[in-house]
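The paragraphs that follow lead from the chain as a whole to one of its helices and the elements around that helix. Please keep the sequence and the model in view while reading.

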Amino acid sequence: MSKRKIVLAFSGGLDTSYALVWLREQGWEVLTANIDTGGLHSGEGDVVRARAEELGAARHFVIDARAELYSRVVTYAIKANYLRNGGYPSCVGAERLVQAEKVVQCALENGADAIAHGSTGAGADHVRYDSVIRALAPQMEIITPIRDDRLTREYERDFLKQHGFETSDKVTTYSINEGLIGTSIGGKETYGSWDYLPEDAWESTKAIKDAPEDGVELILGFERGEVISAATLDGTPIEGTGPGAPNYAILRSLNALAAEHGVGRGIHMGSTMVGNLARVGFEAPGMLTLIAAHRELERLVLSNRQQATKATLGTTYGDLLHEAVYYDPILDDLRAFLDSSQARVTGEVRVRLQKGNVIPLGSRSPHSLLDASTRQGVVYGYGSSLWTGEQARAFAHMYAIPGAIAENAGLGEQKP
């Protein structure tokens, strides 16, 4: 009788390395699928493949999902200016949708009986993977040894050593997940609320003290809310972008450039899907740069009501993705709103990356509401040809009436 076949979502890290060896011991024929959503740098795909083969994978697949991730997830995160709890760009969490879908596709194409992933039961990734598998391949068995047996990283390390496979001390201390959107870092200091991650825990960003003093200025171009160019002040495209580059090239290049200037570090603390509080370090230099620039351009071209409504619905959209609500039709409705809101978000933003900061310096657009005001003779702090002094006085008088009524209604009451 032939072995039952399983596809394992494989990163080459500690959890998935353990899962591969353990699944083989249980009698499975293990196929590994490494989904590249931006976490593989030059030569690293070969390292992951070698690790899978060393651990006994029957076949190994590398699936490039960067372009799809960018088009389906990243562009809308930027349009929404989405930052979880106001500061965290969801980093790897938002990528699990595309990763899980590709793993399911690989399993179906190769006649697998089951799908495995190395998620723990303490975070959100196990819900993200299971949600996709249940929706797209409900007939598939889901095998999750780390979650089911509540294993520690120390136990996994010792298990692999007993089987003749070495692991580094760092992967035991920290769980690191890197992708196009950013990198998440969990472990040790993040288990509490007081300690900050040490310098050697960060993967790419420079410490602020080591970043260049002068910083760098860039001009970022947008068309209908999507970034289309990134160049220095003299018009030279930043390295890795320009004609013929893939759609995700600007974000990838900004990740490297902004990291050199100390941009993108942070620690996010917030409630998980099941309600407990969690804390994780992250590095997202490119996303934080693009969101800051995009928001600055929106301030120039969108009305106050558009911006206020977008802030609410954009957060709703991002939170749903972060919380693995992937296939509810409300996401289509929200994407339609986001697309419509970007009709005039075309122009350029000048930003400075300096000592950990993203500083918008200026913006310009053919749809500038500031330019439109000036053409109508309205200059803030100076005056306007659209109304007289008497009309301005009358407006101020009428505007003050609701407050005056409310204040006088409380006469005789002692104020604190």
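Buried residues make up 47% of the 416 residues in the protein chain, and it should be kept in mind throughout that the model is a predicted one. The secondary structure of the chain comes to 14 helices and 15 strands, and its C-alpha atoms fill a box of roughly 95 × 60 × 40 Å along the principal axes. Among contacts between residues at least 6 apart in sequence, 71% join residues that are at least 24 apart.

The buried residues of H5 are His126, Arg128, Tyr129, Asp130, Val132 and Ile133. These buried residues pack against strands E1 (5-9), E4 (114-116) and E5 (141-143), as well as against helices H4 (96-109), H6 (145-149) and H11 (304-322).

How are two packed helices described? They are described by the angle between their axes and the distance between the axes. For H4 and H5 the angle is about 45 degrees, and the axes lie 9 Å apart; this angle makes H4 oblique to H5. The crossing of the two helices, H4 and H5, is right-handed. On the H4 side the contact is made by Arg96, Leu97, Gln99, Ala100, Glu101 and Val104, while H5 contributes Asp125, Arg128, Tyr129, Val132, Ile133 and Leu136.

Terms used. Residues numbered from 1 in each chain as written. Predicted model: local features only at pLDDT ≥ 70, side-chain atom pairs only at ≥ 80, totals over all residues. Heavy atoms only, no water. Buried < 20%, exposed > 50% of the residue type's maximum accessible area, 1.4 Å probe, protein only. Helix = DSSP H or I, 4+ residues; strand = E, 2+ residues; numbered from the N terminus. Contact = heavy atoms within 4.5 Å. Axes fitted to C-alpha atoms, helices over the stretch in contact; angles between N-to-C directions. Parallel < 35°, antiparallel > 145°, perpendicular 65-115°, else oblique. Left-handed = near helix turned anticlockwise from the far one by under 90°.
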